Amino acid sequence: MSPSATNLDGFAGLFALEPSREDEMLAEIDRLEDASPFARIEGTHFARLVLVPRLLDSKDELTVGPACLFFATEFDQPLDDYVERLRQVVWADKLRDESTNKKLASLDRLFASCAGYPGAGDWQAKAFRAWIHDHRIKPRYSILGHAGRSVFEIKQCLELRNRIIAFAMDTDGHDPENLKGEWEACDLGLVVGVPAASGATPPRSAWLFDGLGDIIRHLLHTSRQKSRAVWPRVPKPRWARELIRAGASVVEAPAIVVARLASAVKCHAGRTRR
Amino acid sequence: MAARGGSKVRQVTVISPTTWPHAWGLLGLWQIFQRSTKHKQPVMDLGFIHVAHWGLVDRLPASAPHCRSNELPSPYIVFHSNFNGPLKEYLEMFAFKVPDRMERIWERAPNWPGMRPVQAFVEFVAARTERYEGTGAHYYCAYPQTTVKSVNKAIRLRDRYARFASRAGALAPEDFAREWHAFLTDAQLDL
C-alpha cells in the first residue's frame, strides 16, 4: 500500500437504476456481505452502497424519481486514481464471473443494474471515469476526524501502538542494561510521517468564485437544457469553447480574462527584462 | 445506522428534499464555513466522527450520452457520515453542540420537528435513515475495530515515539531507562 494522504472530499454519487432492477440490486448487495470488494481496492477507508427505493417528496413519501444506488467512499489519493483502481476491481469481477458459474459478490453485476453503466474493460476506462464523475455529488461541508491520514498510516500507527504496549509490559521491571538491550533487539518499527493532504485549502478567491459560479452554472445549465431541443448547435470559436470548458459563467468569465491578461503582461515583462 | 460484524464504526445516510432558496443559502453558508476549522472544532473535539459530508443534488445524470438528465422536483440535501457509538448519541451531540446549524440545514425538510425536544430531531433523522438503509445496504471499513479517538491517540503516540527513538540509540543504559519511563509517563494517555 502506498502511504499517500487521504482525499479530503471522498466520493458520493446517486446512480439511477434501470427499471425493475431493484431485486437484482438487492441480491447483489446482500452477496457483498460475504466478501467486500472494497477490501481489494487499495486505500479505501470507508465505502457504502445503499439502495434508495425512491426519494422523499414534499409530503415525506417515497415517490420521487427511479430507485437509486447511493455509493459513497472515502479513500487515499486523487479521485481519478481511485476510480481507476475501482475500475480494475470491477473488471476483475467481470472476468471472474465469466469464468465461473458461481454467483459471487461482484461490483460489475451491481453497477450493471445502474442506468448508463458503460462497462469497466480497459478500453472503457475513459467512459467509466466519466460515468463516475457525472454522478458525483460534491461535498459542500465536511467534518473529518483524522483528515489527511492514509489507511496505510493509520494501520501502521495502530500496529506501533500495540507493539509499544506489548514491549512496555514485557520489559516491566527490567534493569537498564536489559531494557536497552531488549529495545535494540526488538524492532518496534517507526512509521515515517505522511504530509497532510496538499491543496486542502484552495485560494480564497477560487472558492468564492466556485460558490457563485455553481449557482449561476445551475441556472445556465437549466436554460441550456431547455434551449437545446429548440436551437441547433452552432460551432463556437475556440476562446468561447475554452471559457465554457472551464465552467465559465458570467461571474467567472471576467476572472479568466483578467488572469489571461495578467499572465500576458507577466510574460511580456519577463521578455523585456531579458 | 448499521454496525456490522461487531464493527465499532457506524454509518448514517439521509437524503431529504428542500427548496431552491434554502439550498442556495446553504451553499453560501457552507462555502464560508467549509474552510473554518474554528467552526468545526466543537464537533471535532468530541472525537467520534470519522467523517461527515453534506452536499446537494438536484438531478440524476442522463442514462445515455446526449440524453437529458433527470431533473428532480427540488434539490435534495445529502448527508452521510461514519462515526462511533449509537446513532442516538451521535445525533444528540449535534443537537446539543450545534443546534442552530442543524436547524439551518433541515428546517425546510417536510415534517421537520425542530431541534427541541431533542428526541423529535433524533427520530426525524433515524426514521429517514431507516427508510433507506432498511431496504438494502453494504458497508466497508478498513479499520472496523478502531474509534476516532484511538486513531488520533495512535498518531500522537507515533510522533512522541519518533522523538524518543531518534535520540534513544545514543543514550547510556541508565539514561535510556530514565528516558523510556519518562516517555511512558508522558504518553500514558495515548496508550
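Which residue in S4(B) is the bridge partner of A:Ala47? Select A:Ala47 and look across to B:Tyr140, its bridge partner.

**Before you click**

This is a predicted model: local features need pLDDT of at least 70, side-chain atom pairs count only at pLDDT 80 or more, and totals for chains, interfaces and linings use all residues. Residues are numbered from 1 along each chain as its sequence is written, chains are lettered from A and ligands numbered from 1 in the order in which they are written, and side-chain values use heavy atoms, with hydrogens and water left out.

**Stop 1**

Select strand S2 of chain A, residues 44-52, and then S4(B). Helices (H or I, at least four residues) and strands (E, at least two) are DSSP runs, numbered from the N terminus. S2(A) and S4(B) run antiparallel and are joined by five bridges. Two strands pair if DSSP finds at least two bridges between them.

**Stop 1**

Select H2 of chain A, residues 79-99. Within H2(A), show the side chains of A:Asp93 and A:Arg96. They meet in a salt bridge at 3.7 Å, N to O. The rule asks for a side-chain nitrogen of Lys or Arg within 4 Å of a carboxyl oxygen of Asp or Glu. A:Asp93 and A:Arg96 are three residues apart, about one turn of the helix. Over all chains, the structure holds 24 salt bridges.

Step back to A:Gln77, in the loop between S5 and H2 of chain A. Phi of A:Gln77 is near 70°, a positive value in a residue other than glycine.

**Stop 3**

Zoom in on A:Ile143, whose bridge partner in S2(B) is B:Ala52. Then pick A:Ser142, which stands opposite B:His53.

**Stop 2: the whole interface**

Show both chains. 88 residues of chain B are in contact (heavy atoms within 4.5 Å) with 92 residues of chain A. The area buried between the chains is about 7,900 Å², and carbon and sulfur atoms give 65% of it. Buried area is the accessible area (1.4 Å probe) that two parts lose on being put together, summed over both.

Select B:His138, B:Tyr140 and B:Arg158. They supply 11% of the area that chain B buries against chain A, more than any other three residues.

How many salt bridges does the rule find across the interface of chain B and chain A? It finds one. The side chains of B:Arg158 and A:Glu153 meet in a salt bridge at 2.8 Å, N to O. Helix H6 of chain B (148-168) gives the largest share of the side of chain B that touches chain A, 14 residues.

**Stop 3: a loop in chain B**

Finish between H4 (99-106) and H5 (118-133) of chain B, in the loop that holds B:Pro117. A cis peptide bond joins B:Arg116 and B:Pro117, with omega about 0°. B:Asn111 is also placed in the loop between H4 and H5. B:Asn111 has a positive phi of about 60°, although it is not a glycine.
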